Amino acid sequence: MSITRMWVMAHKEVVQILRDPFSLLIVIVMPAILVVLFGYGVNLDQKHIPCVAWDQDGSQQSQDLLKHFAASEYFTIVGVATSERDGRQALDAGTARMVVVVPWNFSQRLQKGGPVAVQALVDATDDNTANVVFGYAQAVVQTYSSEVQMDWMRGRGSPFQFAPVSTETRTWYNEDLESSAFIIPGVLALVMSVIGAFLTSLTIAREWERGTMEQLISTPVSAMEIMLGKLLPYFVLGMVDTAITASIAIYWFRVPFRGSFVTLFASSAMFLIVVLSLGFFISVLAKNQFAASQIALLVTFLPAFLLSGFLFAIEQMPPVLQWITRVLPARYYVSVLKKIFLKGTPAALLYADLLPLAAFSVVLALLATRAFHKRLG
């Protein structure tokens, strides 16, 4: 294999990239756009949930309870209902996600020391959000209930009996529970999928489509030199985009980075080899650029977005889908990214993700090489 001929092929591919505005747009602008869109546009944090209060009691005690909801960072009182119809209209119109209903005998039952129930009507069109809202509402009510119980027992000269066991929670790795810290590291996998598979899927298909592959075959350049020469520029661009995306995540969105940059770029290089090989394999099999680009998006970008654990926890998926994710390289890369960024896990403890990623890179590289040799005949 000649390094000179391989370098000439790489230079030819660079010239082709520079002449294609669409490719330049994807390479330069797409990584930043994806990070900004997911960083600002996708927010899984449930705060300042709009709710409507229906206070049937109108007492000081009922107002104190509603003030607990208003003081919480998770709720915002956006209106007051005077009937069931008002609360229903607020939920139907979408102006409120929850209606808090305080019964008419609320203060009376509290003064007697008896139990009293507060109703929460929640819009459950989004079941995940509804479960979160229920949990927040129960936490607010339990806090108010503890204060009422303490005041009631002190007013009667009885010492307050604390629960023998209490739970004190402390969050690790994502202390502020910000969804951006969970989402943005996985954007690197989407960037690699676009840069790697989508662009390389056009390389050989473009040569066959334009009829220039026959000219390459007639030259002394070998199949391996063609393949490596065409993939080398995209590998360099992919690593540059990795650095750009990681820099935006760390310095703009303030995502904590506790791991090693060496581990980050080494794992990114392995995943980049995977998507480059897959894109090249698709390019060899496809008859035209349009078909190659569509297949590349279907088999790389969509699985990386939906089944890699990027947005949706794999543990919550049906068992069949969980098994399917085991053959998706993006699953292991996303796992590595989150562990490097948030946990700072050393490379020695990432073997469960790095070994499958390395195996995928070797297998797909060999598969792409064999398919290209077979296509050239």
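Leaving aside neighbours within four places in sequence, Ala 365 is in contact with Met 227 and Ser 277, where contact means heavy atoms within 4.5 Å. Ala 365 belongs to helix α16 (residues 351–376). Helices (H or I, at least four residues) and strands (E, at least two) are DSSP runs, numbered from the N terminus. The relative accessible area of Ala 365 is 22%, so this residue is partly exposed. On this scale buried means under 20% relative accessible area, exposed over 50%, and partly exposed in between, with a 1.4 Å probe and protein chains only. Ala 365 and Phe 280 lie 85 residues apart along the chain, and their C-alpha atoms are separated by 9.0 Å.

The model is predicted: local features need pLDDT of at least 70, side-chain atom pairs count only at pLDDT 80 or more, and totals for chains, interfaces and linings use all residues. Residues are numbered from 1 along each chain as its sequence is written, and side-chain values use heavy atoms, with hydrogens and water left out. pLDDT is the predictor's confidence in each residue, from 0 to 100. For the protein chain the mean pLDDT is 85, and 95% of the residues reach 70 or more. Where pLDDT is low, the predicted coordinates should not be read in detail.

Helix α2 (residues 21–28) shows how a helix can have two sides. Its residues Ser 23, Ile 26 and Val 27 are buried. They cover an arc of only 95° around the axis, which puts them on the same side of α2; the arc is that of the directions from the helix axis to the C-beta atoms. The cover over these buried residues includes α1 (3–19), α3 (30–41), α8 (179–200) and α11 (223–252). Pro 21 and Ile 28 are exposed, on the face of α2 turned away from the buried side.

Next comes the empty space. Rolling a probe the size of a water molecule over the atoms shows where empty space is left. On a 1 Å grid over the protein atoms alone, a cavity is a set of points where a 1.4 Å probe fits but cannot get out, and a pocket is an open set with protein on both sides within 12 Å along at least five of seven lines; lining residues have an atom within 4 Å of a point. Grid points are joined across faces, edges and corners, and a volume is the space filled by probe spheres set on the points.

The whole structure has one cavity of 30 Å³ or more. The volume of the largest cavity is about 40 Å³. Its lining includes Ser 23 together with Gln 16, Asp 20 and Tyr 234.

The largest pocket has a volume of about 1200 Å³. It is lined by 41 residues, of which Leu 44, Phe 182, Leu 311, Ala 313 and Lys 338 are the closest to its centre. Helix α15 gives the largest share of this lining, eight residues.

The second largest pocket has a volume of about 420 Å³. Of its 22 lining residues, Leu 110, Val 116, Val 141, Tyr 144 and Ser 145 are the closest to the centre. Here the largest share, 10 residues, comes from α7.
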